Amino acid sequence: MVTIGVLAVQGAFIEHIRKLNAVGVDSREVRLPGDFEDLDGLIVPGGESTTIGKLIDRFGLRDHIFAMASEGKPLWGTCAGLILLAQEVDEDTRGKEQPLLQLMDLRVRRNAFGSQLDSFETTLDVPVLGDTPIPAVFIRAPVVSDIGPDVEVLSRLPDGRIVAVRQGSIVGTAFHPELTDDDAFHRWFVELVRAGRHERSVATPTFSH
Ligand code: GLN
């Protein structure tokens with residue numbers, strides 16, 4: 001049995017917990033350092049990335065997240081979670097004093113779809129999940145604007161923009177699989193967690209500026 005934590009300081013954590021229940025895996029809301037005990041994987045949900053980042057530091061959770069990453073335990077950030085995992089945020093979209101975890105060698109652009117189209121649903125090809133496209137909800141979503149050589153692209157929009165990535169044990173999606181009826185992405189992440197320890201992921205900025 002594995003237990004997957006969902007960071008529950010702000011944002012759309014309940015929906016991830018429900019999805020994990022639906023796919024039959026033990027889950028736990030994570031708010032305090034003690035909640036990390038014996039976790040096998042962690043989801044950093046969508047919400048407001050500056051707020052989540054500040055609460056991570058206020059509640060003393062940063063070192064526990066880093067410990068999981070360095071032990072090769074899978075982490076998955078959705079939307080704001082992806083922003084937090086990034087090494088850098090495009091300067092013109094970065095929040096004032098926005099704390100980042102910087103665990104993935106990539107740069108993101110916040111609110112990349114602008115205010116006119118701030119949320120939409122589409123279907124996406126995600127080859128690691130098989131041949132069937134999945135529904136994807138984007139809400140004031142980021143896109144990945146640059147990646148380093150160790151980052152694998154899991155999905156792009158038809159215009160080529162990168163919206164799902166993996167670097168070793170760490171996964172990021174710009175969209176919210178927890179807000180759809182489909183559970184393919186959660187099942188895939190659970191398999192990653194069940195497969196055990198992965199190569200340690202260490203972000204060192206290598207992309208061009
Ligand atoms: N726009 C939010 C941010 O930049 C992310 C939105 C989301 O997580 N749905 O923090």
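This is a predicted model: local features need pLDDT of at least 70, side-chain atom pairs count only at pLDDT 80 or more; totals for chains, interfaces and linings use all residues.
Me: Which residue in S12 stands opposite Leu-75?

Reply: Besides its pairing with S3, S4 is joined by 4 bridges to strand S12 (residues 170-173), and these two strands also run parallel. On the S12 side, the residue opposite Leu-75 is Ile-170.

Me: Which residues of S4 point the other way from Leu-75 and Gly-77, and are they buried or exposed?

Reply: In a regular strand the side chains alternate between the two faces of the sheet. In S4, Leu-75 and Gly-77 point one way, and the residues on either side of the strand are buried. Those that point the other way, likewise buried, are Trp-76 and Thr-78.

Me: Which residue in S11 does Arg-156 stand opposite?

Reply: Strand S10 (residues 152-156) and strand S11 (residues 162-167) pair in the antiparallel sense, with 4 bridges between them. They form a hairpin with 5 residues between the strands, and Gly-160 in the turn has a positive phi of about 100 degrees. Opposite Arg-156 in this pairing stands Ile-162.

Me: Which side chain does the side chain of Ser-49 join in a polar contact of 2.8 Å?

Reply: Ser-49 has its place in helix H2 (residues 49-58), and it counts as buried because its relative accessibility is 2%, under the 20% limit. Leaving aside neighbours within four places in sequence, Ser-49 is in contact with Ala-80, Ile-83, Leu-84, Gln-98 and Arg-110. The polar contact of 2.8 Å joins the side chain of Ser-49 to that of Gln-98.

Me: Against which strand and helices do the buried residues of H2 pack?

Reply: The buried residues of H2 are Ser-49, Thr-50, Ile-52, Gly-53, Leu-55 and Ile-56. At the start of this helix, a side-chain oxygen of Glu-48 reaches to within 3.2 Å of the backbone nitrogen of Thr-50, while H2 is followed by Gly-60, whose phi is positive, near 70 degrees. The elements against which the buried residues pack are strand S1 (3-7), helix H3 (62-70) and helix H4 (80-85).

Me: What distance separates the C-alpha atoms of Ala-80 and Gly-11?

Reply: Ala-80, placed in helix H4, is buried, with a relative accessible area of 1%. Not counting residues up to four places away in sequence, Ala-80 touches Pro-45, Gly-46, Gly-47, Glu-48, Ser-49 and Ile-52. Although Ala-80 and Gly-11 are 69 residues apart along the chain, the separation of their C-alpha atoms is 8.7 Å.

Me: What volume does the largest pocket have?

Reply: The largest pocket has a volume of about 250 Å³, and of the 14 residues that line it, the closest to its centre are Gly-47, Glu-48, Cys-79, Ile-139 and Arg-140. The lining divides into 6 nonpolar, 5 polar and 3 charged residues.

Me: With which side chain does the side chain of Arg-107 make a polar contact?

Reply: Arg-107 has its place in strand S6 (residues 104-109). It counts as buried because its relative accessibility of 14% is under 20%. The polar contact of its side chain, at 2.9 Å, is with the side chain of Asp-90.

Me: What is the phi of Glu-97?

Reply: Most residues other than glycine have a negative phi, and most peptide bonds are trans. Asp-38, in the loop between strand S2 (26-30) and strand S3 (41-44), has a positive phi of about 60 degrees although it is not a glycine, and Asp-38 is exposed, with a relative accessible area of 62%. Glu-97 is in the loop between strand S5 (86-89) and S6 and counts as exposed at 65% relative accessibility. The phi of Glu-97 is likewise positive, near 50 degrees.

Me: How many of the 11 residues of helix H5 are buried?

Reply: Helix H5 (residues 184-194) is mostly covered, and just after it Gly-196 takes a positive phi of about 90 degrees. The buried residues include Phe-185, Trp-188, Phe-189 and Leu-192. Of the 11 residues in H5, the number buried is 8.

Definitions and conventions
Residues are numbered from 1 along each chain as its sequence is written. Side-chain values use heavy atoms; hydrogens and water are left out. Two strands pair if DSSP finds at least two bridges between them. On a 1 Å grid over the protein atoms alone, a cavity is a set of points where a 1.4 Å probe fits but cannot get out, and a pocket is an open set with protein on both sides within 12 Å along at least five of seven lines; lining residues have an atom within 4 Å of a point. Grid points are joined across faces, edges and corners, and a volume is the space filled by probe spheres set on the points. Ala, Val, Leu, Ile, Met, Phe, Trp, Tyr, Cys and Pro count as nonpolar, Asp, Glu, Lys and Arg as charged, and the others, Gly among them, as polar. Buried means under 20% relative accessible area, exposed over 50%, partly exposed in between (1.4 Å probe, protein chains only). A polar contact is a pair of N or O atoms within 3.5 Å; within protein, one must be able to donate a hydrogen and the other to accept it, and residues adjacent in sequence count only if both atoms are side-chain atoms. Contact means heavy atoms within 4.5 Å.
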